[in-house]
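I opened my notebook to look up charged pairs and a surface patch.

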Amino acid sequence: MKNKFFLLTIYFLCLNLHASILKSEHTENEFSISLPKNSLDLIDIKSMYEFLYYKIAHDGYYFIYPNHAYIFFDIYLNASTRLRSRFKHSNKNNLNPLSWLKTLNSTPTRVEFQKKIQLDRLSDYSNAKELRYDIFSENTVRDYNLYKKYRNIMANLFYKPNVNYLISQRRRLHISKKTKFGQGNNPDHIFLVSFDISYLIKKDIICGPHIEMEIELERNIRPALKNKEDLYSYKNKMVSIKNIILNYLKNHDIKHKLTHKPKLMILYEKCKNIN
């Protein structure tokens with residue numbers, strides 16, 4: 001009963017659509033590459049991105065590679081619905097998930113409720129509609145009372161044995177270019193390449209990791225690609241970026257496989273023997 005109350009509290013917290021909460025909707029297009037655990041020792045991410053830059057810079061693209069990583073902490077209400085908190089992580093080389101948990105005591109850069117509606121999922125390509133309710137951001141506290149309720153929930157997280165939690169470190173690369181399609185605060189951002197290390201937290205046990213690279217269209221450009229030819233052109237460029245990364249992995253004898261399963265499902269299968 002307490003667990004159900006916890007879930008309902010989160011649900012109504014997130015769906016209490018106060019006028020100050022920003023609702024957004026976009027279509028997510030991405031490719032996913034799953035990597036083995038030893039890839040953390042084998043991959044030089046900077047070298048891989050330099051290889052990618054050498055291959056596509058002639059088309060006018062430039063790279064933005066932040067100095068910090070992010071820690072994502074996800075509370076799943078079900079397989080497609082989650083409460084996500086995002087924290088800056090200054091030490092990208094710290095790969096200990098126990099140290100990542102300590103960041104949960106700091107102020108997140110963003111808190112949002114996300115729901116994905118799967119439209120299409122092939123061998124390595126996902127096309128989904130995503131709804132987001134922005135509860136809190138570091139630039140604007142949209143509703144401080146909701147944020148305080150959220151903090152109270154965070155303080156009691158690990159007493160809920162039947163709730164799925166995911167903690168991830170994400171390193172991001174923004175592939176940018178000036179185009180007529182750019183919108184929002186970062187109009188030049190076209191593609192996002194993410195390197196994610198994720199763990200499932202289940203019954204006070206941290207299980208994992210699952211390591212994955214994602215290549216996706218940035219949210220600020222996707223709504224402007226209403227013409228099918230424009231969308232097709234950018235999807236083709238995504239395929240080119242994916243193939244360049246696959247060639248790099250192959251050249252460095254790094255095993256990999258294309259995947260269509262969400263992180264939660266992959267980790268849940270890995271950790272299914274945890275009682």
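These entries follow the order in which I looked things up.

Entry 1. I noted that the model is a predicted one. I then searched the whole structure for salt bridges and got 10.

Entry 2. I looked up K237 and found that K237 forms a salt bridge with D59, with 2.6 Å between the closest N and O atoms. K237 lies in helix α6 (residues 228-251) and D59 in the loop between α3 (45-56) and β2, so the pair ties together parts 178 residues apart in sequence. I checked the cover of each partner. K237 has a relative accessible area of 17% and is buried, because buried means under 20%. D59 is partly exposed at 30%.

Entry 3. I went on to K263 and D196, whose side chains meet in a salt bridge at 3.1 Å, N to O. This pair links distant parts of the chain, with K263 in helix α7 (residues 263-270) and D196 in strand β8 (residues 189-202), 67 residues apart. I found both K263 and D196 buried. I also saw that K263 and D196 belong to a network of salt bridges with R170, E212 and E214.

Entry 4. I looked up E269, which forms a salt bridge with K261 through their side chains (3.2 Å, N to O). E269 is partly exposed at 40% relative accessibility, and K261 is partly exposed at 30%.

Entry 5. I turned to the surface and found a nonpolar patch of Y53, Y62 and I64, with about 250 Å² of accessible area together. I placed I64 in strand β2 (residues 62-64). I64 is partly exposed, with a relative accessible area of 32%.

Definitions and conventions
Residues are numbered from 1 along each chain as its sequence is written. This is a predicted model: local features need pLDDT of at least 70, side-chain atom pairs count only at pLDDT 80 or more; totals for chains, interfaces and linings use all residues. Side-chain values use heavy atoms; hydrogens and water are left out. Patches are made of residues with over 30% relative accessible area and no salt bridge: like charges are joined within 9 Å, nonpolar side chains (Val, Leu, Ile, Met, Phe, Trp, Tyr) within 5 Å. Accessible areas come from the Shrake-Rupley method with a 1.4 Å probe; for residues, only the protein chains shown count as cover. A salt bridge is a side-chain nitrogen of Lys or Arg within 4 Å of a carboxyl oxygen of Asp or Glu. Helices (H or I, at least four residues) and strands (E, at least two) are DSSP runs, numbered from the N terminus. Buried means under 20% relative accessible area, exposed over 50%, partly exposed in between (1.4 Å probe, protein chains only).
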